[in-house]
Amino acid sequence: QVQLAESGGGLVQAGGSLRLSCAASGRTFNSYFMAWFRQAPGKEREFVAARTWSGISTSYADSVKGRFTISRDNAKNTVYLQMNSLKPEDTAVYYCAAGKIRTNVISTHKDQYDYWGQGTQVTVSS
């Protein structure tokens, strides 16, 4: 059974850092985009970052570019989101997602992703 499991969320002060982990299991993901989305209270789920499994292509939302980095452990099926210089507006539930590659362009739309984790809370205080 395919499963994505996020971890690493928590409470951090503005300017601090967190690294989120997404453990992927149940299949091979070499033909998938791996992505992070987030959802703040009262808002739509929004795109944060994504990469092909191989890492040949990456994409970031403008709001996190230069601060967040998506990566993968070469030895296991784990995708990471390194978050630096965190701001209060980064506060949200963060979700890991996987979507089958259908085009050459990384999708930023949540409807194009097939598998989702349950989310991990990130709270940034000022």
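Helices (H or I, at least four residues) and strands (E, at least two) are DSSP runs, numbered from the N terminus. The structure is a predicted model, in which local features need pLDDT of at least 70 and side-chain atom pairs count only at pLDDT 80 or more, while totals for chains, interfaces and linings use all residues. Residues are numbered from 1 along each chain as its sequence is written, and side-chain values use heavy atoms, with hydrogens and water left out.

A place to start is the loop between β8 (78-83) and β9, where Ser85 is found. Most residues other than glycine have a negative phi. Ser85 has a positive one, near 50 degrees. Its relative accessibility is 41%, so Ser85 counts as partly exposed; buried means under 20% relative accessible area, exposed over 50%, and partly exposed in between, with a 1.4 Å probe and protein chains only.

Next comes the disulfide. A disulfide is a covalent bond between the sulfur atoms of two cysteines, and here the term is applied to a pair of cysteine sulfur atoms within 2.5 Å. By this rule there is 1 disulfide. It joins Cys22 to Cys96, with an S to S distance of 2.0 Å. Cys22 belongs to strand β3 and Cys96 to strand β9, so the bond ties together parts that are 74 residues apart in sequence. The torsion about the S-S bond of Cys22 and Cys96 is about -75 degrees, which makes the disulfide left-handed. Both Cys22 and Cys96 are buried.

The aromatic rings come next. A pair of aromatic rings is described by the distance of the centres and the angle of the planes. Rings of Phe, Tyr and Trp (its six-membered ring) pair if their centres lie within 6.5 Å; planes under 30 degrees apart count as stacked, over 60 as edge-to-face and the rest as tilted. Across the whole structure, 8 aromatic pairs are found. Phe29 and Trp53 form a tilted pair, 5.8 Å centre to centre with 35 degrees between the planes. This pair links distant parts of the chain, 24 residues apart: Phe29 is in the loop between β3 (18-25) and β4 (32-39), and Trp53 in the loop between β5 (46-52) and β6 (58-60). Phe29 is buried at a relative accessible area of 1%, and Trp53 is buried at 9%.

The rings of Phe37 and Tyr113 have centres 5.3 Å apart and planes at 75 degrees, so this pair is edge-to-face. Phe37 lies in strand β4 and Tyr113 in the loop between β9 (92-100) and β10 (115-116), so the pair ties together parts 76 residues apart in sequence. Both residues, Phe37 and Tyr113, are buried, Phe37 with 0% relative accessibility. Phe37, Phe47, Tyr95, Tyr113 and Trp116 form one aromatic cluster. Within it, Phe37 and Phe47 are 10 residues apart in sequence and 4.5 Å apart in space, C-alpha to C-alpha.

Arg45 lies over the face of Tyr95, at 3.8 Å from the ring centre, and over the face of Trp116, at 5.0 Å from the ring centre. A charge sits over a ring if NZ of Lys or CZ of Arg is within 6 Å of the ring centre and within 35 degrees of the ring normal.
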